[in-house]
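Open the model in your viewer and keep the selection panel at hand. We will start with the whole chain, then stop at a few places along it.

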Amino acid sequence: HARGLAGRVESVTEIIGSTPMVRLRRVVGDAKAKVYLKLEMQNPGGSVKDRIALSMIEEAEKRGDIDPARTTIVEATSGNTGIGLAMVAAAKGYKCIVIMPKVRPMLERYLICRQFGAEVHLFNPSLGAPGALKYVKDQLAANPHYWWPNQLGNPDNPAVHERTTGPEIWKQAGGAVDYFIHGIGTGGCVAGVGKYLKSVNPKCRVIALEPTEARVHTGASPKPHGVVGWAPGVHSQFLDGFGKAPEELSDAPRGVVDEWGHVATSEAVATCLQVTSAEGMMVGPSSGAAIKYAFDVAARPEAKGSTIVVVLPSHGIRYVAHPLWAAVNAEANEALPPGEAPCSDKEQPILLWASEEYKKA
């Protein structure tokens, strides 16, 4: 069915949510399960994090904690939450400071946050999440009018997914969701959607994913990985096991999570490229990783005839500085060298470059 014409609204914040869901068809092979992707990149800020940005801000407004006349919003993020906060802050008139690691894959996030009018502070990536948290707390102590949404611990994060994302998925899937698969960033989406889906279908299996290189939720030490948005290096406060020592954790089911899966960065990148070229959906690293795991689940004998839902957090175009784009970046730089003046010689051939010839070389 064609997607209906959106209504007229008074603010961009009113069109957050109600994202479409699309079935994978060309890349699932002979799997007997149906795999659906919920396209959260269709939110106005381009990611699932728009939901929590709006929720955390509006719930704080209802409590009287913040208002545009006196409050500056400050948050540490790997990017998408910062963009969501910057967008909502712009729409509502707040000042906003986004704190992110000083690493090249943050390029697009830096640009977008600045275009929304937010300030960007880049922290030392070698200090990890604890370093970012210390910087935030230092800023709060020095500036009483600063407000920290605290995406990693704010209950308004999972609450909005239980209230909106979960019911949307259930309705779009026709009241039949057998597996829900999502990666752990803050853990809010896994917790909120998982709780809702189990309330309407107790047999629904919730699968939470991490990078193979950083399985913090099963007790492993975090190591560098390229699945941007996953595994901030600490256990999610929204998932059972928070506060336990690593040796107390395992891959056994606990809380809302039935299965703790993992995907390597290389697998995530390969799946991104496959899905983008074969399905026409440009997905980023965390989406590619989740889809890869969905392929594996769909191939299980017990999954025959089931419905699998995967949330795609954001659009692949947001990761142009990521190694995912390395090959085509190299090609584009040869095709369109930085600083090269346009050809002004009309005697030159009409065709100056053909990508297929580059590939042959």
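Two residues are in contact when they have heavy atoms within 4.5 Å. Among contacts in the chain between residues at least 6 apart in sequence, 69% join residues at least 24 apart. Before going on, note that this is a predicted model, where local features need pLDDT of at least 70, side-chain atom pairs count only at pLDDT 80 or more, and totals for chains, interfaces and linings use all residues. Residues are numbered from 1 along each chain as its sequence is written, and side-chain values use heavy atoms, with hydrogens and water left out.

**Stop 1: the whole chain**

Show the cartoon. You will find 10 helices and 10 strands. These are DSSP runs, numbered from the N terminus: helices are H or I with at least four residues, strands are E with at least two. The C-alpha atoms fill a box of roughly 70 × 55 × 50 Å, taken along the principal axes.

What radius of gyration would a compact globule with 361 residues have? The rule, 2.2 Å times the number of residues to the power 0.38, applies to a radius taken over C-alpha atoms. It gives a value near 21 Å, and the chain has 21 Å, which agrees.

Now switch to a surface. The chain exposes about 17600 Å², and carbon and sulfur atoms supply 54% of that. Such accessible areas come from the Shrake-Rupley method with a 1.4 Å probe; for residues, only the protein chains shown count as cover. A residue is buried under 20% relative accessible area, exposed over 50%, and partly exposed in between. Of the 361 residues, 50% count as buried.

**Stop 2: the cores**

Select Leu24, Val35, Leu37, Ile308 and Val310. They have the most contacts inside the largest nonpolar core, which has 65 residues. Helix α8 (residues 285–298) gives the most to this core, with 8 residues. Apart from it lies another core, of 23 residues, among them Ile169, Val177, Cys189 and Ala191. A nonpolar core here is a set of buried Ala, Val, Leu, Ile, Met, Phe, Trp, Tyr and Cys residues joined through side-chain atoms within 4.5 Å. In soluble globular proteins, nonpolar side chains tend to be buried together.

Which residues touch Ile308, leaving aside its neighbours within four places in sequence? Its contacts include Val35, Tyr36, Tyr179, Ile181, Ala294 and Val297.

Stay on helix α8 and pick Asp296. At 37% relative accessibility, Asp296 counts as partly exposed.

**Stop 3: helix α5**

Select residues 156–172, helix α5. The expected span of a helix is 1.5 Å times one less than its number of residues. For the 17 residues of α5 that gives 24 Å, and its end C-alpha atoms are 24 Å apart, which agrees. Look at Glu162, where a kink of about 35° is centred. The bend at a residue is the angle between axes fitted to the seven residues ending there and the seven starting there.

Buried residues of α5 include Val160, His161, Ile169 and Trp170. The buried residues of α5 pack against several elements, including β2 (34–39), α1 (49–63) and β10 (307–312). After α5 comes Gly174, with a positive phi near 70°.

**Stop 4: helix α7**

Move to residues 265–279. Helix α7 has 15 residues and should span 21 Å; its end C-alpha atoms are 21 Å apart, which agrees. Ala268, Val269, Cys272 and Val275 are among its buried residues. An α-helix has 3.6 residues a turn, so residues three or four places apart point the same way. Cover for the buried residues of α7 includes β1, β9 (259–263) and α8. Gly280 follows α7, and its phi is positive, near 75°.

**Stop 5: loops and ends**

Select Phe116, in the loop between α3 (107–115) and β5 (119–123). Phe116 is partly exposed, with a relative accessible area of 31%. Beyond its neighbours within four places in sequence, Phe116 is in contact with Ile83, Ala86, Met87 and Ala90.

Next, Ser18, in the segment before β1. Is Ser18 buried or exposed? Ser18 is exposed, at 56% relative accessible area. Its phi is positive, near 55°, though Ser18 is not a glycine.

Finish at Pro349, in the loop between α9 (326–335) and α10 (355–360). Pro349 counts as exposed, at 51% relative accessibility. Pro349 and Gly194 are 59 Å apart in space, C-alpha to C-alpha.

Methods. Buried means under 20% relative accessible area, exposed over 50%, partly exposed in between (1.4 Å probe, protein chains only).
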